[in-house]
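My notes follow the display.

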Amino acid sequence: MPLTFAVGSLNPVKIRAVTTAVHHHWPQAMITGVDVPSGISAMPLDDAESLRGARQRAEAAQTATTATIGCGLEGHVYSTPAGWFLSGWVVLHHQDGRQSVGGCPRIPFPLGLTPRLQAGEMLGDIMDELLNTDSIRTKEGAIGAFTNGGMTRHDAFAAAVAAALAPFVTPDLYL
């Protein structure tokens, strides 16, 4: 029986990112999206909240289905001593209770956009307005815009899923 993965989102970018990373190791694995709440704000502005949302999505996706592994993917923007960054977390929750975490690359965030985020606007809405696009979050994402296509939202989340899969694909190294 093939492994099954439930992604805690219906966003096609997130589902495709999980599919890309998982199929590298298990081409027959079945991946499905499920609409579950993150339990956090719509636009997290710190690492801890984003990680909590990814964990809650992973656990909820796994328990809401019969999937072997639930996957929570959560993006965020946050301030550091080095400036503002766009990033994200991935949490994988196995049906046996094991969890693993992977992180997206840290992309420098345009300082001029931070007041709008702090006022409660969603990054996707801001980017759609600025770039005259429709639902950028389900396509290349802000990452694609900021890097001029050098990296997309899919690329960043696929890398984070691949990182989170490490303990599951090389369990002998994670004793």
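I looked up His76 first: it is buried, with a relative accessible area of 0% (buried is under 20%, exposed over 50%, partly exposed in between, with a 1.4 Å probe and protein chains only). His76 sits in strand 3, residues 69-80 (helices are DSSP runs of H or I of at least four residues, strands runs of E of at least two, numbered from the N terminus).

The model is predicted: local features need pLDDT of at least 70 and side-chain atom pairs pLDDT 80 or more, while totals for chains, interfaces and linings use all residues. Residues are numbered from 1 along each chain as its sequence is written, and side-chain values use heavy atoms, without hydrogens and water.

I then listed the partners of His76. Its side chain makes polar contacts with the side chains of Asp47, at 2.6 Å, and Ser50, at 3.0 Å (a polar contact is a pair of N or O atoms within 3.5 Å; within protein, one must be able to donate a hydrogen and the other to accept it, and residues adjacent in sequence count only if both atoms are side-chain atoms). Leaving aside neighbours within four places in sequence, the residues in contact with His76 include Phe85, Trp89 and Arg106 (contact means heavy atoms within 4.5 Å).

Helix 6 was next. I found twelve residues and a reach of 17 Å from first C-alpha to last, close to the 16 Å expected at 1.5 Å a residue (1.5 Å times one less than the number of residues). Its buried residues include Arg153, His154 and Phe157. The buried residues of helix 6 pack against several elements, strand 3 and helix 5 among them.
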